[in-house]
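Student: I have a model open and want to go through it residue by residue. Can you take my questions in turn?

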Amino acid sequence: MGNKIFLVLGGARSGKSEFAEKLMYHFTGKRKGYIATSQILDEEMKYRVLLHKGRRPSDWKTYEIMHTAGNQIGTVLNETDTILFDCITMYVSNLLMDHISNIDAEVLGVSDLEKLQSLLQNDLDRMFNEISLVSDREIIFVSDELGMGLVPANAMGRVYRDLVGLANQYIAKKADEVYLSIAGITVELKSRGVELS
């Protein structure tokens, strides 16, 4: 049997992570892994990380993957059956910050955007290639929908928004099910059939 890919989208405090966690609970009797992508750089992020940790059961194995998920997800796939990747937004932020030191953030040009898009595309390709090498896994991706708000005032913000949007589109095409959370209400956008009780 093949893998089952889920994508849960939403804005900040939309309920997307809580819904993704409910999906995890739906798959009972399996080894569960949680991919954490947030780096704790200030007190606010520390608080948010603690909130997420507090909701997770102790039997979920946590993997901290801050950079190049394509190189690391194979280990997670070998040790777990169901994975919650939370979140793509921070994963893209980490990738952007890893490479932005070589680019002038004030004058980001088309060639810079293309370079960053290529880096992101290559890592997503590696990650999904690793996923294709296993079977019978459920992989739940969480990401922010950033394209519905105001256009960011600076070039860095616009590039970040575009990269997250491209990652979301990439994963949505691969996904069996895609959900959107708004104000704690989650609706299904795409389905190939799993029933949640």
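This is a predicted model: local features need pLDDT of at least 70, side-chain atom pairs count only at pLDDT 80 or more; totals for chains, interfaces and linings use all residues.

Student: Is Arg-13 buried or exposed?
Tutor: Arg-13 lies in the loop between β1 and α1 (16-26). Its phi is positive, about 55 degrees, although Arg-13 is not a glycine. The relative accessibility of Arg-13 is 58%, and the cut-off for exposed is over 50%, so Arg-13 counts as exposed.

Student: In what order do the elements of the protein run?
Tutor: The protein has 6 helices and 7 strands. Read from the N terminus, the order is β-α-β-α-β-α-β-α-α-β-α-β-β.

Student: What share of the residues counts as buried?
Tutor: The protein exposes about 10,100 Å², and carbon and sulfur atoms supply 52% of that area. Buried means under 20% relative accessible area. Of the 197 residues, the buried share is 47%.

Student: What does Thr-62 contact beyond its neighbours within four places in sequence?
Tutor: Thr-62 belongs to strand β3 (residues 61-64). Its relative accessible area is 35%, so Thr-62 is partly exposed. Leaving aside neighbours within four places, the contacts of Thr-62 are Tyr-34, Ala-36 and Arg-56.

Student: Which element gives the most to the largest nonpolar core?
Tutor: That core has 37 residues, and Met-127, Ile-131 and Phe-141 have the most contacts inside it. Elements giving two or more residues to this core include β1 (4-10), α3 (69-79), α5 (110-132) and β5 (138-144). With 7 residues, the top contributor is α5.

Student: What does Met-127 touch, not counting residues up to four places away in sequence?
Tutor: Met-127 is among the residues with the most contacts inside the largest core. Its partners, with residues up to four places away left out, are Ala-69, Gly-70, Ile-73, Phe-85 and Phe-141.

Student: How many residues does the second core have?
Tutor: This core is separate, and its members include Met-24, Trp-60, Leu-84 and Cys-87. Its size is 16 residues.

Student: Which residues does the cis peptide bond join?
Tutor: Cys-87 lies in the loop between β4 and α4. Omega of the cis bond is about 10 degrees. The bond joins Asp-86 and Cys-87.

Student: In soluble globular proteins, where do nonpolar side chains tend to be?
Tutor: They tend to be buried together.

Student: Which residues form the nonpolar patch on the surface?
Tutor: One member, Leu-189, lies in strand β7 (residues 185-190). Leu-189 has 52% relative accessibility, so Leu-189 counts as exposed. Together the patch residues have about 290 Å² of accessible area. They are Ile-185, Val-187 and Leu-189.

Definitions and conventions. Residues are numbered from 1 along each chain as its sequence is written. Side-chain values use heavy atoms; hydrogens and water are left out. Patches are made of residues with over 30% relative accessible area and no salt bridge: like charges are joined within 9 Å, nonpolar side chains (Val, Leu, Ile, Met, Phe, Trp, Tyr) within 5 Å. Accessible areas come from the Shrake-Rupley method with a 1.4 Å probe; for residues, only the protein chains shown count as cover. A salt bridge is a side-chain nitrogen of Lys or Arg within 4 Å of a carboxyl oxygen of Asp or Glu. Helices (H or I, at least four residues) and strands (E, at least two) are DSSP runs, numbered from the N terminus. Buried means under 20% relative accessible area, exposed over 50%, partly exposed in between (1.4 Å probe, protein chains only). Contact means heavy atoms within 4.5 Å. A nonpolar core is a set of buried Ala, Val, Leu, Ile, Met, Phe, Trp, Tyr and Cys residues joined through side-chain atoms within 4.5 Å.
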